[in-house]
Amino acid sequence: MPVKIRLQRHGKKGKPFFHIVAADSRSPRDGKFIERIGSYNPNTNPATIVLDNDKALDWLQKGAQPTETMRAMLSYRGVLYALHLHKGVAKGALTQEEADKRLAAWRESKEQKIQAKRDGLAKNKEEAKTKQLKHEREVNENRLKALAAAAAPAVEEAPAPAPVAEETAAPEAAEGNENAEA
């Protein structure tokens with residue numbers, strides 16, 4: 001019976017969630033499986049992969065073939081590297097302690113990369129938030145200036161009738177001068 005390590009889709013439309021399973025290659029994608037060995041959530045950033053590394057390694061040693069997507073995930077989680085080291089131990093190229101040390105060092109460096117990505121995403125999110133707040137402040141200040149400018153002409157129009165009264169007084173004075181001449 002050919003066994004595949006593959007994804008089994010769950011979740012609703014537009015929000016996929018996958019179970020990582022070891023299944024007979026002849027069974028349907030979401031059908032019968034032999035063992036569930038993890039889950040994969042692509043909706044988070046970075047994507048969340050929960051995987052039982054020991055079970056996955058055991059299935060790979062038994063001859064299970066991962067799909068292309070699962071091969072990438074197993075590589076990302078270090079299971080394929082562990083299989084490689086295990087084969088090296090079996091051949092006598094290195095000791096089990098040395099293989100464990102190399103795998104631990106690799107996983108530590110991988111965790112640092114993942115944490116750096118999470119920190120970078122959090123930093124970008126915070127910068128975007130401060131940029132948005134700064135933009136909102138500028139828009140509000142411009143709005144207040146526009147309101148103040150709209151209110152200022154109304155104040156300037158009030159003194160305008162006073163000069164009109166002076167203009168009417170001026171023609172009367174002009175008439176008075178004409179009467180004096182007459």
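Student: What does histidine 19 stand opposite in S3?
Tutor: Histidine 19 stands opposite serine 39 there. Histidine 19 itself lies in strand S2, residues 15-24. Strands here are DSSP runs of E, at least two residues, and helices are runs of H or I, at least four, numbered from the N terminus.

Student: What kind of model is this, and how are residues numbered?
Tutor: This is a predicted model: local features need pLDDT of at least 70, side-chain atom pairs count only at pLDDT 80 or more, and totals for chains, interfaces and linings use all residues. Residues are numbered from 1 along each chain as its sequence is written, and side-chain values use heavy atoms, with hydrogens and water left out.

Student: Back to histidine 19. Buried or exposed?
Tutor: Histidine 19 counts as buried because its relative accessibility is 17%. Buried means under 20% relative accessible area, exposed means over 50%, and partly exposed is in between (1.4 Å probe, protein chains only).

Student: Which side chain does its side chain make a polar contact with?
Tutor: That of arginine 36, at 2.3 Å. A polar contact is a pair of N or O atoms within 3.5 Å; within protein, one must be able to donate a hydrogen and the other to accept it, and residues adjacent in sequence count only if both atoms are side-chain atoms.

Student: How do S2 and S3 pair?
Tutor: In the antiparallel sense, over 5 bridges. Two strands pair if DSSP finds at least two bridges between them.

Student: New topic: helices. Which residues of H2 are buried?
Tutor: Met70, Met73 and Leu74, in a helix that runs over residues 68-77. Seen down the axis of H2, they fall within an arc of 100°, so they line one face. The arc is that of the directions from the helix axis to the C-beta atoms.

Student: What comes just after H2?
Tutor: Glycine 78, with a positive phi of about 90°. H3 is followed by glycine 92, whose phi is positive too, near 90°.
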